Amino acid sequence: MDNFLTANIKKKKELYSFLVTVKKRIDDHNPLYNQKRESIYGGVYKFLQESEYWSKDEIETYQFNQLKKLLVYAYTSVPYYKKTFDQYGVLPENFKCLDDISMFPLLTKEMVRDNCSDLTSLNYRPSKLKASYTGGTTGIPLRIIRERLGAESKESAFIHNIWKRAGYKRGEPLAVLMGAVLDSGHKNFWIKSGRNKMVMSSYRLNEKTIDDYLNVIREFNPSFIQAYPSTLTLFADLISGKTEKVFPNLKALICVSENLYSWQRELLEKSFQCKIFSHYGHSERVVLAGECEASSKYHIQPEYGYVEILDKNGNKVKEGETGEITATGFTNYAFPLIRYKTMDYAKPAGGVCSCGRNHQLIESIEGRALDYYVDASGSLLPSTGSIMLVKESCNLRKLQFIQEKPGEVVLKIVKNGQFDDHEAKAIIQSLHDRYNSKISFSLEFVNDIPPLQNGKTRYFVQKLPLKF
Ligand SMILES: [Zn+2]
């Protein structure tokens with residue numbers, strides 16, 4: 001009898017799950033849904049044009065109201081926050097000014113990973129939600145829940161608003177060269193998505209395929225290419241020696257998802273002969289920041305989320321000091337992330353940009369938490385300087401620093417033809433000088449360094465646990 005019941009329940013669950021999938025498919029192709037998505041996009045984009053040059057006071061008032069609304073909502077509709085706010089003895093009514101946010105508990109990636117269902121709002125039916133997965137590069141895979149209707153439209157409106165500073169207008173031909181997306185059985189490395197977008201996989205980019213990539217991109221004739229800086233760097237290496245502008249109508253390269261180092265910016269400007277525009281964001285969608293027409297400092301988008309840059313004791317750092325980017329996103333009520341520790345580090349900058357936007361500024365993104373070496377005594381040393389030394393020394397195809405033991409780092413290198421022993425010795429010497437011999441570097445020559453599952457190439461792989 002028990003078995004019969006269990007089998008019956010299982011069948012009903014399967015049927016329900018099947019019906020939900022069918023409904024999602026129908027909805028996705030429903031013109032009414034597309035109209036709603038368009039209307040959400042249009043509303044957010046219009047609002048961002050109106051709020052772009054708000055005064056500091058207007059920004060603070062907006063952010064206070066958004067935080068208050070979110071805290072009240074989270075406490076009443078999201079089980080995780082009801083539980084933790086009660087544990088901390090802090091209620092939404094205690095939030096009376098922006099600085100009061102520091103009373104509320106911080107949220108780590110591990111907490112998000114372990115409390116996925118409790119972080120999901122009770123106000124949504126499951127059929128209205130979708131899950132996306134992220135976190136491959138930090139080693140903490142996360143499942144993020146979003147609204148099916150609207151989440152992508154809102155995000156696109158925010159992104160397009162920032163890209164406007166690089167000259168982008170919706171509908172202009174855009175080539176996307178990122179991890180992605182194409183089934184392993186897919187014959188081509190590219191796929192057209194609508195009339196004005198082409199998505200390419202970065203996995204197949206190498207010296208054998210570079211001409212195919214060049215031909216396909218030239219035929220598409222994009223005004224913009226969106227890509228990871230590491231992919232564009234490899235692309236630039238593969239086309240080095242070409243003096244003509246490789247893509248004649250290219251207005252800008254839009255660099256996303258990774259630090260853009262100054263040596264990369266120079267290399268890309270020289271190789272592609274166009275504007276280089278960088279913006280910073282995450283799949284978790286709590287913080288979005290972009291350069292502007294006047295400055296390469298990142299402007300934190302105040303309508304997207306509230307950002308705190310905190311030291312290891314949870315206090316705000318001063319201008320010029322480095323702290324962890326910790327943010328509260330305003331755009332996802334299905335799965336609110338409040339005071340979420342991103343594991344990215346940045347230096348806040350003072351002053352106001354000459355572009356006229358009163359946004360909070362970031363001097364530089366200092367690198368992800370994993371971008372630190374551990375010396376033999378357990379101290380952390382920023383790894384970002386080491387890559388510049390190596391890049392200055394020679395012309396390498398690919399490289400990657402890997403640390404598995406304190407005080408020791410292996411530099412994997414994919415050589416090009418001209419690389420010799422003399423250069424190898426010079427690299428090791430300059431690295432030892434840079435780190436006062438606190439780190440022992442050794443070289444390992446390999447045939448390839450494959451990209452990660454998400455298509456990015458990491459310059460640093462830290463396998464040791466880091467304590468800040
Ligand atoms: Zn500016």
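Ile254 stands opposite Phe277 in β8. This is a predicted model, in which local features need pLDDT of at least 70 and side-chain atom pairs count only at pLDDT 80 or more, while totals for chains, interfaces and linings use all residues. Residues are numbered from 1 along each chain as its sequence is written, and side-chain values use heavy atoms, with hydrogens and water left out.

## Strands and their pairing

Helices (H or I, at least four residues) and strands (E, at least two) are DSSP runs, numbered from the N terminus. Two strands pair if DSSP finds at least two bridges between them. Buried means under 20% relative accessible area, exposed means over 50%, and partly exposed lies in between (1.4 Å probe, protein chains only).

Strand β8 covers residues 275–281. Six of its seven residues are buried. Its partner β7 (residues 252–255) runs parallel to β8, with four bridges. On β7, Leu253 is the bridge partner of Ile225.

Ile225 belongs to β6, and both faces of that strand are covered. Phe224 and Gln226 are buried on one side, Ile225 and Ala227 on the other. β6 pairs with β7 in the parallel sense. It also pairs in the parallel sense with β3 (residues 174–178). There, Leu174 has Phe224 as its bridge partner.

A further pair is antiparallel: β1 (residues 129–134) and β2. Ala131 has Ile145 in β2 as its bridge partner. Strand β2 (residues 142–147) is largely enclosed by the rest of the structure, because five of its six residues are buried.

The table lists these pairs.

| Strand pair | Sense | Bridges |
|---|---|---|
| β1 and β2 | antiparallel | six bridges |
| β3 and β6 | parallel | four bridges |
| β6 and β7 | parallel | four bridges |
| β7 and β8 | parallel | four bridges |

## The zinc site

Which residues hold the protein donors of the zinc ion? They are Cys292 (SG), His299 (NE2), Cys353 (SG) and Cys355 (SG), at 2.1 to 2.3 Å from the ion. Donors are N, O and S atoms within 2.8 Å of the metal (3.2 Å for Na, K and Ca); water is not among the atoms, so sites may look incomplete.

The site is tetrahedral, with angles of 103 to 119° among the four donor atoms. Four donors count as tetrahedral if all angles lie between 85 and 135 degrees. The donor residues follow the spacing C-x6-H-x53-C-x1-C. His299 and Cys355 link distant parts of the chain, 56 residues apart. His299 sits in strand β10 (residues 298–300), and Cys355 in the loop between β13 and β14 (361–368). Both His299 and Cys355 are buried.

## The second largest pocket

A pocket is an open set of points on a 1 Å grid over the protein atoms alone, where a 1.4 Å probe fits, with protein on both sides within 12 Å along at least five of seven lines; lining residues have an atom within 4 Å of a point. A volume is the space filled by probe spheres set on the points.

The second largest pocket has a volume of about 480 Å³. Its lining holds 24 residues. Nearest its centre are Lys56, Glu60, Gln63, Val307 and Gln360. At least two lining residues come from each of α3 (56–77), β11 (305–310) and β13 (340–349). β11 gives the largest share, five residues.

By type, the lining has eleven nonpolar, seven polar and six charged residues. Ala, Val, Leu, Ile, Met, Phe, Trp, Tyr, Cys and Pro count as nonpolar; Asp, Glu, Lys and Arg as charged; the others, Gly among them, as polar.

## Loop residues

Most residues other than glycine have a negative phi. Asn221 has a positive phi of about 60°. Asn221 lies in the loop between α7 (210–220) and β6 (224–227). It is partly exposed, at 31% relative accessibility.

Arg339 also has a positive phi, of about 55°, and is not a glycine. It lies in the loop between β12 (323–329) and β13. Is Arg339 buried or exposed? At 3% relative accessibility, Arg339 is buried.

Thr108 lies in the loop between α4 (79–88) and α5 (109–114). Its relative accessible area is 19%, so Thr108 counts as buried. Thr108 and Lys341 are 233 residues apart along the chain, yet their C-alpha atoms are separated by 5.3 Å.

Arg204 is in the loop between β5 (197–201) and α7. Arg204 is partly exposed, at 27% relative accessibility.

Notes:
Tetrahedral: all angles 85-135°; square planar, octahedral: opposite > 155°, others 65-115°.
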